[in-house]
Amino acid sequence: KMTQQMRDLQLAQARKPPGPSSPNAAKRLYRNLSGKFRVNYTSFDEGSLVGRGEKEKLRKSYLFQSNAALFEAVELQDLDRVQELLKHYSPEELDLNTPNSEGLLPLDIAIMTNNAPIARALLQAGAKESPHFVSLESRSLHLSTLVREAEQRVNELMAQVVNEAPNADCSEKEKQLKAWEWRFRLYKRMKAGFEHARVPDAPSSVHLSVASSSSLQVTFWEPLSVNSAVVTKYKVEWSCSPTFSPLLGEAVIDKLKDLHFTIQGLVSGTACHVRVSAYNMKGWGPPQASTPPFAIPSNWREYDGRAPRRRGQAEALDHLLGQVKTVHQHCICHEPCKNQPQSRKHSVSKSLKHLFHPGSKFLKTLKRGLYLTAIFYKDDNILVTHEDQIPVVEIDDTYSCLLMQDFLWFTKVSCMWDEILWLRQCVTVSQSSCSCILQTRFKMLLAISQMQGLLGIQDLGQVFFEPIKDKQGNILIVTLREVKTNQTFESVRWVPICKLQTSRKSVSSPEEPTALDTLLMSVQDKLAYHQRSSHALSPGLYLGYLKLCSAVDQIRVLVPERLPNILCHVKIRSNPNISREEWEWLQKMASVEEPVPTEPEADTSQNPLFQELQVAIKELMTLVNIPLQEAKDFRLYSQEVLDFGDQVSFLLLLPPSDDVCTAPGQNNPYTPRSGFLTLPLQIFELGEER
């Protein structure tokens, strides 16, 4: 007979149909579902469905089958099927944490049969243990009940099969007997697994690091023992006392995708001890103390009370710009435009139609002068005019030599695409001085306005870090912008880049291509640069290498091609914070002018940052093709840690003073391998800000 607990469970699950209860039924269900995986249920012919009600009914049918299939896959210890189901269905669709008619969850079956791979897969997906097992006694009683009732059912069916004459009913009872015999063996195996299990060992390792002036980061690893049951959760405890009495706090972690935890709300400068213990179905195991045994929440800025470098700068610049606008808003030149909105908010769909307007003033060919082109791309397609041309407008037909300062000024303007009208008006006021520089820059603003007007789009994107020049005296400034919308536009076609490249008829020779031909030949490289320059680093502390080279009119900085908005770098660790103690050690190294640490020393071998720096420096020197012995003359920049938000920070590695910036004509004996480029310093600064 069922216990009262089992009756309650059956009542709670009365509406949930039982799943297949035999291996053969499970295999048939797998075969059916494998076909469903290849064709998602939403892809069936909509005409075959009468309405939404039938669609929802079909959907629920599939979801129930997937739930039943998950239980069967776990019972049969079929890891591939479990992973397949977890991949194609969400935990909610699988009812991952809803007990079946026996009061069990998939994770219960996995851990009591000691199937660690399946249990880990379920835990990664967010599976929980059954809430009905409130104690060891309740779990043991529940398993004994399942075994007893399965055995009773086997005996009843066996007696019926033996006593009845062979017929159709007898054949059906034989199938039921086989199914219950299989389930009886499963329950006995689960009961034996529970009885032989023991509490888990302590986590194999617990690492403690300082995350900020008020938090600590705890990272831990699974117990090494393979004889105990699968660990399903961990407990992190912290205290000001090494005896952990009293406790400051504790946290239970049951999401085991990442085994780490951040302790928040601590007092800066106060030592905190941490330990971690593991839990399985037999209870909590012994705790493992952290390494180091305690840590003090702090930040490197506390060393000398330094405020963040950029605190309030953005607000101050916005205020300054507002003051400048206020001064200029009453100028005579602004009166005609007073009633015009500064921001023309065209929809992309409407604005892109201007590309195909017969009256467009886009240029087909370049004669001689300074030009602006805007490249809009989506996936492998590029936007062209109605004549299959990349949009190009003229800046100045008398300008045959672009000065670097004018180009850098243009790149700064690209940060204010929405303010071009206002900038034009301001430059117009000052043009009475007849300055050639102001005239050129005013023409740049006119060209930008023309491009924005023809496209109907204000944001022209990011300026490519160098203009394209040809021997015919043409100079082409290139802007790049990715269009991520999936909207379909009327009368607008995106041309595949490869098709545009092959269909364009070149008007120049291969030896002396025009700027437009050069652009088309190198457009993939420019798009790749644009995409890479918008990538962000993952959280952590990095070691950057600062190397400059100077020319007559500019200074350039060495950057990696894969991430051109960041200095050459390697990752030191995942924790971006430098603690006060670590910063004190770095200051001590700098004060005695010690060389960069490339070899271990006895008194620093226990310093984690020292060991991390050793590994990072060796990796960085290999990356930039500098012999390791040369790194002994390098220096760590000890004035500050470069913080980029709260998640990324940099320590800088500097060459000797005479080698930080290579002068024109100076020989650089160590040239980086392929995969690097040099950007104008101002372009790099703008990219970093973006």
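# Exercises on salt bridges, burial and strands

Arg 120 has a relative accessible area of 39% and is partly exposed. (Buried means under 20% relative accessible area, exposed over 50%, and partly exposed in between, with a 1.4 Å probe and protein chains only.) The model is predicted: local features need pLDDT of at least 70, side-chain atom pairs count only at pLDDT 80 or more, and totals for chains, interfaces and linings use all residues. Residues are numbered from 1 along each chain as its sequence is written, and side-chain values use heavy atoms, with hydrogens and water left out.

## Exercise 1

Task: Find the salt-bridge partner of Arg 120 and state where both residues lie.

Solution. Step 1: apply the criterion, a side-chain nitrogen of Lys or Arg within 4 Å of a carboxyl oxygen of Asp or Glu. Step 2: the side chain of Arg 120 meets that of Glu 222, at 3.4 Å from N to O. Step 3: Arg 120 is in helix H6 (residues 116–124), while Glu 222 is in the loop between strand E2 (215–221) and strand E3 (233–239). Helices (H or I, at least four residues) and strands (E, at least two) are DSSP runs, numbered from the N terminus. Step 4: the two residues are 102 residues apart, and the pair links distant parts of the chain. Step 5: Glu 222 is also partly exposed, at 37%. The structure holds 16 salt bridges.

## Exercise 2

Solution. Step 2: Arg 301 lies in the loop between strand E8 (288–295) and helix H9 (313–328) and Asp 643 in strand E21 (residues 642–644), so the pair ties together parts 342 residues apart in sequence.

## Exercise 3

Task: Decide whether Asp 406 and Arg 441 are buried or exposed, and locate them.

Solution. Step 1: Asp 406 and Arg 441 form a salt bridge, with the closest N and O atoms 3.3 Å apart. Step 2: Asp 406 sits in helix H11 (residues 404–413) and Arg 441 in helix H13 (residues 436–455), 35 residues apart. Step 3: both Asp 406 and Arg 441 are buried. In the whole protein, buried residues make up 45% of the 690 residues.

## Exercise 4

Solution. Step 1: two strands pair if DSSP finds at least two bridges between them. Step 4: strand E17 (residues 548–550) and strand E18 (residues 555–560) run antiparallel and are joined by three bridges. Step 5: Leu 548 stands opposite Val 557 in E18.

## Exercise 5

Task: Compare the span of helix H7 with the expected value.

Solution. Step 1: the expected span is 1.5 Å times one less than the number of residues. Step 2: helix H7 (residues 136–163) has 28 residues, for which 40 Å is expected. Step 3: from first C-alpha to last, H7 reaches 41 Å, close to that value. Step 4: its buried residues include Leu 143, Leu 146, Ala 150, Val 154, Leu 157 and Val 161. An α-helix has 3.6 residues a turn, so residues three or four places apart point the same way.
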